[in-house]
Amino acid sequence: MNPGMWKLGDDPIDDQPTLLAHALAMSLRYGPGPWPEDAYRLPDDPPLRSDGGPVITSVVLDGIRTHHFAAGTDATAVTAIADRIEALVRAAPSQESVVELHRQLSGRDALSVVDDLLQELRRRELPRDRLRAVGRHLAEHGSSRNTTKIGIALIGACGDERDRDLLTLLGTLEEFTLFAVVALLSTQPDRQRAVYGLARRVQGWGRIHAVERLRGCDDPEIKAWLLREGFRNGVMNEYLAHIAATTGDLYSALLEPEVDDPLLDGAGDILAALAEGGPAEDMADYPEAVPCLGRYAGLVQVREANLGRLSAVLTVTGFLRHPGDKLTWADGDLVRLRDRYERILAQPRWAELVLAHLADPAREDFTSALWAAGRLRLPVVPQILAYLQVQPLDDYAWCFAIRHASPGQARQVVALAERLLPLEELANGPGEHLGLGPDAAADRALESVVGGLGNFPGVGLSLVRVALVNQVIRIRRAAMKALTAWGPRAVPDEVVGRVRAAGAVEPHQETREEMITFLSSRNG
């Protein structure tokens, strides 16, 4: 056969919808991206669990594996796949041979074979144009994620600028972003701009994979974007903060005569992420941390106060108070910066800002202000009680209220919970529900209140009774923790009887043992 005539047809691989079709549909509905979170899910993603437990998608698994574990290898699978691809490209392709390749790939974890597979195919010196054709066909017609990933990888190995639109569209589905980014870097003449274009379309692990490949970028537009927006992602800003600070040249940007609000706010969030530390390089790894923190302090202390800036200052100040063992700054630098940030926090405008936000229970950022109030140690339980009447299932607000309450306020929190929470419905166990998901919001609210009752003996007995027979293990254990903290002699006989009855039907061994221990101490 004339090699110039060799090509794959346009027949679908099977009768399942292709993942390219899904990407096209999402693009038509939502534009170039970022898309709403649900749009990134693939048609075959697992449904939500009935017990409210988390569903760990392959996007998350790939992100965790690439960042925290070495990818596995499967030499036997690599050889078998390479053999089939070689047979396909060295002879006239048939629909049956393409279908068999798809079936072979769909059952394999692409991440564990792709690097070795590409290396093996390079060793065999197969015709690049034919390999590209196979990759395009798998990427365009693949109905399984692993098949599509291998198709993208083959394009990356043998493609060119003609493949940019396909790679960008498929890469907007975060399942494929990692593979698409690597392919864009290999095939596009303006590789940084190609990855930048895709990075702006995604927001979770896809954003992390893309921005990590922009490390060391020298494009002024991309550097400016990294500092204002590019480091933000739906996983943890800590993954990208160091890249943004170093590649974006944060310190130099803050020295400019005009620092716009997006840059100032991005700088605060980057410095806060570096201060938090976590899965990537942190403040101790940032060479310009000291002058950059000093420059940010000089800017933020005279600019308009908002919750985002307060959050950044609070986080950085917390770090400066307790910097950990990794930091190698001179003691004088640490003391000077800590004192400077403490003086900024002491400005009355921050407390005024927080209290103004908490005065309106309908504000969308109420809980953000509540977090800041806790760090500033402001007494705000009355404001929380007003808010809970608007948002009765906000478990964070319930938790904050009971843990910052005086004894008198604790009784008010309990009375409000008795009025607002569906207590009869919450006596819905015992079971082994995980208490996650939207359907368990009331359960989590109950848990938040009961979890704080240990400091208030005898307060909230009605809530404890319900908690003892709730469907969530954690909530039953929270009830037992509160009763134990009160002391067995402080618990009424009627409640002891409830514990005895609950222990007789408790399905969770450790919780049952806690109940038995409590009853034994009471009898003893």
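1. Arg377 is exposed, at 76% relative accessibility; exposed means over 50% relative accessible area, buried under 20%, and partly exposed in between, with a 1.4 Å probe and protein chains only. The phi angle of Arg377 is near 60 degrees, a positive value in a residue other than glycine. Arg377 sits in the loop between helix 20 (366-376) and helix 21 (381-388). Helices here are DSSP runs of H or I with at least four residues, strands are runs of E with at least two, and both are numbered from the N terminus.

2. This is a predicted model, in which local features need pLDDT of at least 70 and side-chain atom pairs count only at pLDDT 80 or more, while totals for chains, interfaces and linings use all residues. Residues are numbered from 1 along each chain as its sequence is written, and side-chain values use heavy atoms, with hydrogens and water left out.

3. Glu125 also has a positive phi, near 55 degrees, and is a residue other than glycine. Its place is the loop between helix 5 (110-124) and helix 6 (128-141). Glu125 has a relative accessible area of 67% and is exposed.

4. Turning to the peptide bonds, Gly33 and Pro34 are joined in the cis form, with omega about 5 degrees. Pro34 belongs to the loop that runs between helix 1 (19-30) and helix 2 (58-68).

5. A cis peptide bond also links Gly429 to Pro430, where omega is about 5 degrees. Pro430 is found in the loop between helix 24 (423-426) and helix 25 (441-450).
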